[in-house]
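Subject: Handing over the structure

Hi,

Here is the structure I promised to pass on. Have a look at it first, and then read on for my notes.

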Amino acid sequence: MADNLPSEFDVIVIGTGLPESIIAAACSRSGQRVLHVDSRSYYGGNWASFSFSGILSWLKEYQENSDIVNESPAWQEQILENEEAIALSRKDKTIQHVEVFCYASQDLHEDVEEAGALQKNHASVISGNPTEAAHSACLPSEDESLCSVICEVPREQTPSSDLETALEIHDVEVTGEKEKYYDNKTCVKSGSEEETSENVPTEEDTALQPKKNRITYSQIIREGRKFNIDLVSKLLYSRGLLIDLLIKSNVSRYAEFKNITRILAFREGRVEQVPCSRADVFNSKQLTMVEKRMLMKFLTFCMEYEKHPDQYKAYEEITFSEYLKTQKLTPSLQYFVLHSIAMTSEKASNTIEGLKATKNFLHCLGRYGNTPFLFPLYGQGELPQCFCRMCAVFGGIYCLRHSVQCLVVDKESRKCKAIIDQFGQRIISKHFLVEDSYFSENTCSHVQYRQISRSVLITDRSVLKTDSDQQISILTVPGEEPGTFAVRVIELCPSTMTCMKGTYLVHLTCTSSKTAREDLEPVVRKLFTPYTETEIENEEVEKPRLLWALYFNMRDSSDVSRNSYNDLPSNVYVCSGPDGGLGNDNAVKQAEILFQLICPNEDFCPPPPNPEDIIIDGDSLQPEASEFSVIPEANSETPKESTSLGNPEEDSR
């Protein structure tokens, strides 16, 4: 039982975000006794993914979290005279300014529930005034086009992929067999699903077609388990640190991935596809032959720019945008390179930074597909769980819903010696890793945090319609006004296992300058139109319809120096939450640095031993540890066609 844990460990990790999970896996793999705890009821912290009902439950938890009152702690009686305590926070203040809008038809009935839900827990999301919505997880009032929602919500997080499944990259081309697969898996039927291709619809049928195909809120609730909504939106560079770590440690067998199929750009009010590989450039119909030669010549230079310092040394002090103007590139090509390949803005990067970003983009092309990026099936929240599995396999003990009251510090040595948990148990350890959100205001009084603006949308079609409805796209929308930041848009289709059939899940991310809604709503208006009855009547709608929208601000603690925290013992290490970058390199670098402090001269996440070489010790503590090891459930719903990630085909660029 969690209230009777072993009294001593080598490493205690508090929080199950991606950096903490990687460190826990690495320490467990190197033979350390690891206790990994989280006060939340799900894995991942701010890296987690939720079903639709799960995200509603998460909203309710944050609303209730704002009402927590710190009582006089009983653990103070356990602190001895030669000890002092560092109290940990009971409130998670990393999420702010949460606002939810539902634009889909409101036909919700009390008996509507999520299909396949295992555990029910009534949770109502209550509407409030806009002022309250700006400070807690409550919904804006009805005069802001939002209705209150009452539904049955399971507390469980969406299960993850099979333990025995190797990390796979799924083919992005959709075959007839795949389409049949998804038809069989979903409960949502289109209006014309039962008709054969030979049937010709009448004028009356055509007029009624939009209404037949409209997606209602009750359908979203019913198909809620089809959704996997990420709190943080990221992609994996195919030659990035995280992919290398997944392959090296063999954690790759716990996850599956899909290729990002398109790089898009928003220019002159239109969404366009950006040609980035050699094949894309020469097959592009939007570029002239002269532009194709210009672009290929410049991209070839970027791949080897270090060998030609004479071509950029004189421009090192200017922005990358200004540097591009000195090259033989048309305005269209400058725009594509700046915003969609280097993925920066006019003033954000200098010449060297822009060239490095462009080279990294090109270097990742062709390893697993025609773009540099991969996305994990079932969402970003799968990745922390993969490393948690590895930790548990090597003896790590896991306890969710298990809060830590304080860290116990020895006054003489100034080192942390133990924790006291919610049951009053004192657990001794040599090293302690704590995720930033667990520290109290007293510890973080001098810390200056940045904020990330996030939005999650459910839409009815892609921002750029093509013959295939299984496109996974990334789009950068530059900031228009001074002081605003570029907005990164990632659009996910149902084949990523993150949304129900007939919908797309869209993530918007930028560095905060205001609240998330103020930062991102202008971009949402450019790309989408609200799903209202008036627009449903129209046969032709230029923009995708918006069904549901969530806005929130998330704390970015990635650049906080350890010295900013007050009086932390030397054996207490801080793990940051998600940063605003596209990739996961910051989390991997952080995990490796902290691991080397704990286990110097040890290999970081080496491959697991060959099963034939394992010697089973009869006195091993592994059976005891397994009582506490909680490995996340496997997800049985995985697409059938895939190729191994470990043996990529190197396409020519």
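This is a predicted model: local features need pLDDT of at least 70, side-chain atom pairs count only at pLDDT 80 or more; totals for chains, interfaces and linings use all residues.

Leaving out residues up to four places away in sequence, I472 touches K258, N259, I260, T261, R262, E491, L492, C493 and T496. For T496, which is 24 residues from I472 along the chain, the two C-alpha atoms are separated by 8.2 Å.

The average pLDDT of the chain is 78, and 73% of the residues score at least 70. Two stretches call for caution. Over residues 619-644 the pLDDT stays under 50, and the model has 68 contacts there beyond four places in sequence. Residues 649-653 also stay under 50, with 13 such contacts in the model.

The chain has 653 residues, of which 55% count as buried, and it contains 17 helices and 29 strands. Among contacts with a separation of 6 or more, 78% are between residues 24 or more positions apart.

One part to look at is an open sheet of five strands, paired in parallel in the order 16-2-1-20-27. Its edges are strand 16 (397-400) and strand 27 (572-575), each of which pairs on one side only. On average, neighbouring strands of this sheet are turned by 15° against each other, with direction ignored. Strand 2 (residues 34-38) is joined to strand 16 by four bridges in the parallel sense, and D38 stands opposite L400 in strand 16. Helix 1 (residues 18-29) packs on the sheet, where it touches strand 1 (11-14), strand 2, strand 16, strand 20 (431-435) and strand 27. The direction of helix 1 makes about 160° with that of strand 2. Helix 16 (residues 585-598) packs on the sheet too, touching strand 1, strand 20 and strand 27, and its direction makes about 170° with that of strand 27.

Next, strand 17. Is strand 17 (residues 404-410) largely enclosed or left open by the rest of the structure? Six of its seven residues are buried, so strand 17 is largely enclosed. Strand 17 pairs with strand 4 (residues 83-87) in the antiparallel sense over five bridges, and it is also joined antiparallel to strand 18 (residues 416-421) by five bridges. Strands 17 and 18 form a hairpin with five residues between them, and R414 in the turn has a positive phi of about 60°.

Two other residues have a positive phi without being glycine. N250, with phi near 65°, is in the loop between helix 7 (241-249) and strand 12 (256-259). D567, with phi near 55°, is in the loop between strand 26 (545-556) and strand 27. N250 counts as partly exposed because its relative accessibility is 30%, whereas D567 counts as exposed at 62%.

On to the helices. Helix 11 (residues 331-341) and helix 12 pack at an angle of about 75°, with their axes 10 Å apart. That angle falls in the range of 65 to 115 degrees, so the two helices are roughly perpendicular to each other. V337, S340 and I341 of helix 11 make the contact with A357, T358 and F361 of helix 12.

T351 lies in helix 12 (residues 351-364). The relative accessible area of T351 is 0%, so T351 is buried. Which residues is T351 in contact with, leaving aside neighbours within four places in sequence? They are Y312, Y315, E316, I318, T319, F320 and Y323.

Last, helix 14 (residues 516-527). Its 12 residues reach 17 Å from first C-alpha to last, close to the 16 Å expected at 1.5 Å a residue. The buried residues in helix 14 are A516, R517, D519, L520, E521, V523, V524 and L527.

Cheers

Technical notes
Residues are numbered from 1 along each chain as its sequence is written. Side-chain values use heavy atoms; hydrogens and water are left out. Buried means under 20% relative accessible area, exposed over 50%, partly exposed in between (1.4 Å probe, protein chains only). Two strands pair if DSSP finds at least two bridges between them. The expected span of a helix is 1.5 Å times one less than its number of residues. pLDDT is the predictor's confidence in each residue, from 0 to 100. Contact means heavy atoms within 4.5 Å. Axes are lines fitted to C-alpha atoms, for helices over the stretch in contact, and angles run from 0 to 180 degrees between N-to-C directions. Angles under 35 degrees count as roughly parallel, over 145 as roughly antiparallel, 65 to 115 as roughly perpendicular and the rest as oblique.
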